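Q: I have just opened this one and would like to go through it with you. Could we begin with the charged side chains?

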Amino acid sequence: RREYPEVSFAVVGAIVSGLMGISPTETEGRVATLPRLTEPLSHVQIASLPVHGNTIDVRHNGLAETVLTNRSGKTLTWVAGFHGTGSIEVDGVATNGKPGQDKSGRTFTWAEVAVPTGLSKTTRLKAR
């Protein structure tokens, strides 16, 4: 919309931070994800998102699997989170998930993953 372009930017921002749960952290080179898909959505994806000088793609497959691709920039530290408790697999290898709570008090599990430039990493919550 030419008259009010800020509306389009606000909608995209709400999707990225709300539905996708993508949050660049204050520390350079770090980004966090926490999928917030609603029932009728089986997956959601965003491509070519600029974050801290990098360009990333993020795809949530349901609420328990996320794929992050670091298309350009330096190696990125990804804080991959999922609501619930359990362990997190990174490319099929189990890691110890760390517990946390979001602002509304919901429990989530997270793990840090290094994602070098040009590579994709897949994380999956293995619920207890």
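Q: Is Asp91 buried, partly exposed or exposed?
A: Asp91 is partly exposed, with a relative accessible area of 41%; buried here means under 20% relative accessible area, exposed means over 50%, and partly exposed lies in between, using a 1.4 Å probe and protein chains only. This is a predicted model, in which local features need pLDDT of at least 70 and side-chain atom pairs count only at pLDDT 80 or more, while totals for chains, interfaces and linings use all residues. Residues are numbered from 1 along each chain as its sequence is written, and side-chain values use heavy atoms, with hydrogens and water left out.

Q: Which residue forms a salt bridge with Asp91?
A: That is Lys121, and the closest N and O atoms of the two are 3.6 Å apart; a salt bridge means a side-chain nitrogen of Lys or Arg within 4 Å of a carboxyl oxygen of Asp or Glu. Lys121 lies in strand β11 and Asp91 in the loop between β7 and β8 (93-95), so the pair ties together parts that are 30 residues apart in sequence. Strands (E, at least two residues) and helices (H or I, at least four) are DSSP runs, numbered from the N terminus.

Q: And how many salt bridges does the structure hold?
A: It holds five. One of them joins the side chains of Arg30 and Glu112, at 3.0 Å from N to O, and this pair links distant parts of the chain, with Arg30 in strand β2 and Glu112 in strand β10 (residues 107-115), 82 residues apart. Arg30 is partly exposed at a relative accessible area of 22%, and Glu112 is also partly exposed, at 42%.

Q: What does Glu89 pair with?
A: The side chain of Glu89 meets that of Arg124 in a salt bridge, 3.5 Å from N to O. Glu89 sits in strand β7 (residues 86-90) and Arg124 in strand β11 (residues 120-127), 35 residues apart. Glu89 is buried, with a relative accessible area of 16%, whereas Arg124 is partly exposed at 28%.

Q: Changing topic, in what order do the strands of the open sheet run?
A: The order of its five strands is β1-β2-β6-β10-β9, with mixed pairing, where two strands count as paired if DSSP finds at least two bridges between them. At the edges are β1 (22-24) and β9 (98-101), each of which pairs on one side only.

Q: In which sense do β2 and β6 pair, parallel or antiparallel?
A: Strand β2 (residues 30-33) and strand β6 (residues 76-83) pair in the parallel sense, over four bridges. Thr33 stands opposite Ala80 in β6.

Q: Zooming out, how many helices and strands does the protein have?
A: The protein has one helix and eleven strands. Its C-alpha trace spans about 50 × 35 × 25 Å along the principal axes.

Q: What share of the residues counts as buried?
A: Of the 128 residues, 37% count as buried. As for contacts, meaning heavy atoms within 4.5 Å, residues 24 or more positions apart account for 52% of those with a separation of 6 or more.
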